[in-house]
Amino acid sequence: MERVAIDLAVASTMELVNAASAIAAELARREPPESATACLELTESLSAANDMNEAALAGFVSVVDVGREVQRWGFPSTQSWLRNRLGMREARAKERLVLARQRHRLTEVTGRWRAGDLSLGYATTIAGAVARLDDEDCAAAEKILLGMVDQDFSAGKVASFGRRIRDVIAERDGTDQAPDDAQRGYDRSWIDSTRSLDGGRYIKGWLNAEDAAIWDGTLGPLAKPAGTDDRRDLSERTAAALSAVLSGGHKATKVTVICDLDTLTGGSAPGRLTDGTPIPAEQARRIALAAGVSPLLLGRGHVPLYLGYRERFATPGQRRVLEALYPTCAVVGCEVPGTLSEVDHVRGWALGNSPTDVDQLTLTCGFHNRYKAAHPGRISVRRDAEGRYSYRLQEPETGNGGKTVTPIATGRPPPWSQAA
C-alpha cells in the first residue's frame, strides 16, 4: 500500500494533485463497508470532496481554454479535448467548459463552491443560466439564483428558472454578448444558438473570409427570390436556404477562389473570389487544398494554369465509397460524421500530381484537413488490413525539453502512442 505524507501548507499544486490521485486510486480499489449507514455517510462526504475537486478542475480547464493549448495538440476545441482525452459525453464536456468560462464572473458561486458550501449541481446550473448574459445581468441573476439555493429549491427548479432568465434577456435586442471565442479576434468562425421556450432557436455568429465564401457560394443562389410573387425579405429567404442545405435539398456548392501560383506555394499575395472579394493568402491556400471548393490557379501573367472542380478531386461515386468506409473523420477520436467531412488526399495534393484514386483518399473534417496541411509532421498515417486509413495526432513540442507529463490520475498514455 502506498503511503501519502504531504504538508498541505507548502505543497505545490502538482504535489497536491498527485496525492489526491493516489488516495482516489486506493479508494477505488477498496470494497465498500458492509454497513449501509456508514456507506451513506461516506458517500455524502466523498461527494462533497468531489465537488471541491471539480472546482479545482474548472480552474485548470479555464487556463487551458484561454491559452488555446488544445489546438497545439491537434484538437479543434477545448470541448473536443474533454470528450476525447477525458472520455466525457458531449453534454458533460459542454457543462464543464461552461463552468470554466463563467467562473471568473460568478465570484460568489466560485467562492462558495471552492469552500464546499455549494454543490457541483448548483454551480453548473447557475453557470449555464448566465452564459449568455452581460456582466450586469449576470450579477443580478447570480444573486437571484443563489437566493433560490438558500431557500432549498432543488437544482431542477433553479435550472428551470435560470432558463427563463436567459431566454428573456436573449430576446432583448443588443443585450447579449458574443461568445468568448469571438472576442479574441476575427480569424475563427463561430455560431452560437439558444433554444427558445416555444421550441424555436436563436442563432447568431461570425464567419471568417474562408467560411463566408462557402456561405455565399452555397446560400447566395438559394436565397434569391423565387419569383415576382415572393414577398419574403432577404433574412427569411436566407433562413429557408439554410434549411434546404441542412436537409440536403440543395445543389453542390459553387465557390471559386482565384490565386496566383506564388500564393499557393507560400507567397503573400491575397487570393480573391470571382466578385473581387479579397481572401488572405493563408486562407486562400487552405481553400485550394480543400476538396470542397474550386481553386483557379494563375501562373505568371495571370494565365490560368489549372481549374479544379469538385468532381476533379473526388467523383460522387468515390465520395459514396469513402462515406461507406469512413463513418467519421479519419483522425482517431474525432467524431465529425464522414458525411460532413471533406475528401483528403492521404499523401497530399500539389497541382493535380497526386492521384485521385479512391484507395489514396480518405475523409477528414474541415479542422483536421487544414491542420494536416499546416502541420504535416504532426500526423501519423496508418492503414489497416481492410485498406482504411487512420490519422493519429503526434505530440507537439512542449517547451519542456521535449518531455511530456502523463497525469498520474489516469496513467493513460497519449492516444497517438496506441497501436492502430
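Predicted model: local features only at pLDDT ≥ 70, side-chain atom pairs only at ≥ 80, totals over all residues.
An α-helix has 3.6 residues a turn, so residues three or four places apart point the same way.

The two partners differ in their cover. R29 is exposed, because its relative accessible area of 57% is over the 50% cut-off. E26 has a relative accessible area of 19% and counts as buried, because the limit for that class is under 20%.

## Salt bridges between elements

The count of salt bridges comes to 14. One of them joins E54 and R92, whose closest N and O atoms are 3.2 Å apart. E54 lies in helix α2 and R92 in helix α5, so this pair ties together parts that are 38 residues apart in sequence. Both E54 and R92 are buried. They also belong to a network of salt bridges that links E54, R92, E95 and R96.

Another salt bridge joins K372 and D344, again with 3.2 Å between the closest N and O atoms. Here K372 sits in helix α17 and D344 in strand β8 (residues 342-345), so the pair ties together parts that are 28 residues apart in sequence. K372 is buried, with a relative accessible area of 12%. D344 is buried as well, at 6%.

How many aromatic pairs does a search of the whole structure find? The search finds one. It consists of F367 and Y371, with ring centres 6.0 Å apart and planes at 25°, so the pair is stacked. The two residues are four places apart in helix α17 (residues 366-374), which is about one helical turn. F367 is partly exposed, at 25% relative accessibility, whereas Y371 is buried, at 6%.

In soluble globular proteins, nonpolar side chains tend to be buried together. The largest nonpolar core here has 23 residues, and W113, L118 and I126 touch the most other members. The elements giving two or more residues to this core are α2 (36-66), α6 (107-114), α7 (120-130), α8 (135-150) and α9 (155-171). Helix α7 gives the most, with seven residues.

Beyond its neighbours within four places in sequence, I126 is in contact with L106, V109, L145, L146, V149 and V158. A second, separate core has 16 residues, among them Y326, A330, V343 and Y391.

## A covered helix and a surface patch

Helix α4 (residues 78-85) is mostly covered, with six of its eight residues buried. These are T78, Q79, S80, W81, L82 and R83. They pack against α2, α3 (69-72) and α5 (90-102). After α4 comes G87, which has a positive phi near 65°.

V4 is in the segment before α1 and is partly exposed, with a relative accessible area of 39%.

## The chain as a whole

The protein chain has 17 helices and eleven strands. Of its 420 residues, 36% are buried. Its accessible surface comes to about 24400 Å², and 54% of that belongs to carbon and sulfur atoms. Among contacts between residues at least 6 apart in sequence, 52% join residues at least 24 apart.

Definitions and conventions:
Residues numbered from 1 in each chain as written. Heavy atoms only, no water. Core = buried A, V, L, I, M, F, W, Y, C linked by side-chain atoms within 4.5 Å. Buried < 20%, exposed > 50% of the residue type's maximum accessible area, 1.4 Å probe, protein only. Contact = heavy atoms within 4.5 Å. Phe/Tyr/Trp six-rings, centres within 6.5 Å; stacked < 30°, edge-to-face > 60°. Areas by Shrake-Rupley, 256 points an atom, 1.4 Å probe, with all protein chains shown as cover. Salt bridge = Lys/Arg side-chain N within 4 Å of Asp/Glu carboxyl O.
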